[in-house]
Amino acid sequence: MAYELYWISGSPNSWRVMLAMELKGLAYESHRLDPGKREHKTPEFLALNPRGKVPVLRDGDFVIFESIAILAYLEQKHPKPALFGATPEEAGHVWQRTFEVMNYARDAVSNGVVRPLIRGEAAQSSESIKTSAVEAHGELQWVDDILADVPYLAGDQFSAADVSYMPIVQGLIRAGRGDDAVRLALGFDDFGGRYANIARWLARSTGGHAGL
Ligand SMILES: N[C@@H](CCC(=O)N[C@@H](CS)C(=O)NCC(=O)O)C(=O)O
């Protein structure tokens with residue numbers, strides 16, 4: 001088996017790469033690291049990624065990290081099904097949406113809301129979580145409005161932009177239903193009711209297995 005993937009359970013960045021590999025039908029040897037044992041900070045792992053972060057993909061002697069870079073690498077090696085469009089215009093649009101997702105939606109949703117909630121920081125960080133939640137709702141509305149007009153984030157085809165967004169929104173759906181999120185009245189518990197176009201996109205993209 002050529003590919004080896006290093007990942008941590010619950011890591012949305014790892015899940016992004018797993019989704020792409022699944023879509024492209026690529027097998028890999030799985031290396032699940034235990035963050036509790038700091039397996040992502042061992043000298044052996046830091047030799048692969050000096051930042052000590054997952055995902056990391058190894059392809060023989062070639063090692064690559066950063067989830068979106070891994071997607072781009074896999075696309076070059078396995079162009080079908082295409083995740084970065086077929087024409088220059090499509091590729092540009094997919095990259096634009098992917099960067100929008102990673103630079104804006106991820107910051108507000110994953111970093112500002114999901115991460116502190118799953119780390120159990122609701123009590124000490126309630127004000128910053130509430131502030132981020134307002135921003136996150138703005139980013140969700142942006143996606144919901146896009147999906148009112150087209151089936152996928154970059155248009156008619158499922159693309160890297162969708163792969164990039166899915167772990168972000170799934171993390172929010174899970175954390176947003178939790179007791180802490182409900183107690184802080186963050187407004188994510190009726191996700192499907194509030195963001196119906198995103199809910200439909202999730203159902204469309206996952207064959208109805210999105211868990212909404
Ligand atoms: N920009 C990187 C982010 C990687 C990242 O932050 N990974 C997290 C897991 S989702 C991690 O390894 N955290 C462990 C740590 O920072 O110690 C990517 O897209 O791959």
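**View 1. Contacts of Leu 172.** Leaving aside neighbours within four places in sequence, Leu 172 is in contact with Val 109, Val 113, Val 114 and Phe 188, where two residues are in contact if their C-beta atoms, placed from the backbone, lie within 7 Å. This is a predicted model, in which local features need pLDDT of at least 70 and side-chain atom pairs count only at pLDDT 80 or more, while totals for chains, interfaces and linings use all residues. Residues are numbered from 1 along each chain as its sequence is written.

**View 2. The largest nonpolar core.** This core has 52 residues, and those that touch the most other members are Leu 71, Val 109, Val 113, Tyr 165, Leu 172 and Ile 198. A nonpolar core is a set of buried Ala, Val, Leu, Ile, Met, Phe, Trp, Tyr and Cys residues joined through C-beta atoms within 7 Å; a residue is buried if 20 or more other C-beta atoms lie within 10 Å of its own, exposed if 12 or fewer, and partly exposed in between. Among the elements that give two or more residues to the core are strand S1 (3–8), helix H4 (88–118) and helix H6 (160–176), and the largest share, 10 residues, comes from H6. Helices (H or I, at least four residues) and strands (E, at least two) are DSSP runs, numbered from the N terminus.

**View 3. Where the two domains touch.** The domain assignment, which is automatic or taken from a database, gives domain 1 (3–77) and domain 2 (88–206), and 23 Å separate their centres, taken over C-alpha atoms. In this view, 7 residues of domain 1 are in contact with 10 residues of domain 2. On the side of domain 1 that touches domain 2, H1 and H3 are the elements that give two or more residues, with the largest share, 5 residues, coming from H1.

**View 4. The buried side of H9.** The buried residues of H9 are Ile 198, Trp 201 and Leu 202. They lie on the same side of H9 because they cover an arc of only 100° around the axis, the arc being that of the directions from the helix axis to the C-beta atoms. An α-helix has 3.6 residues a turn, so residues three or four places apart point the same way. The buried residues of H9 pack against H5 and H6, and just after H9, Gly 207 takes a positive phi of about 65°.
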